[in-house]
Amino acid sequence: GYRLVLHLRAADRDVLRLLQRWVPRDWLLHLHSMRSSTALHQVLLKEFPNAFFGFSGLLCMGDPDTEALCRCCPLDRVLLETDAPYLPLKPAAFSHPGIVP
């Protein structure tokens, strides 16, 4: 079936309100390049059992907020993303799947 892909930017409250009102709880969700609050993350984990969380190269660049989110995400709900060519795993001109270890 179809999935809903979300790329959130400073919209936690609005996104949660819309998801709770309009999206069935069993819908397949992909939260791309996850950088929202830990509070939103916990609610989504609990209320949407088919929500998966994408983490990009920011994990390799010392972003403490992204690292904290990833630590509290169950491994079976984690998606590793390159977000090529925009978020490299290390300082580089661009990102691509060939630089993933």
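Modeller: Arginine 71 and glutamate 67 join their side chains in a salt bridge at 3.6 Å, N to O, the term meaning a side-chain nitrogen of Lys or Arg within 4 Å of a carboxyl oxygen of Asp or Glu. Both residues belong to helix α3, four residues apart, which is about one turn of the helix; helices (H or I, at least four residues) and strands (E, at least two) are DSSP runs, numbered from the N terminus. Arginine 71 is exposed at 65% relative accessibility, whereas glutamate 67, at 25%, is partly exposed; buried means under 20% relative accessible area, exposed over 50%, and partly exposed in between (1.4 Å probe, protein chains only).

This is a predicted model, in which local features need pLDDT of at least 70 and side-chain atom pairs count only at pLDDT 80 or more, while totals for chains, interfaces and linings use all residues. Residues are numbered from 1 along each chain as its sequence is written, and side-chain values use heavy atoms, with hydrogens and water left out.

By this rule there are four salt bridges, among them the pair of aspartate 63 and arginine 35, at 2.6 Å, N to O. That pair links distant parts of the chain, 28 residues apart, with aspartate 63 in the loop between β3 (51–55) and α3 (64–71) and arginine 35 in the loop between β2 and α2. Aspartate 63 is buried at 13% relative accessibility, but arginine 35 is partly exposed at 41%.
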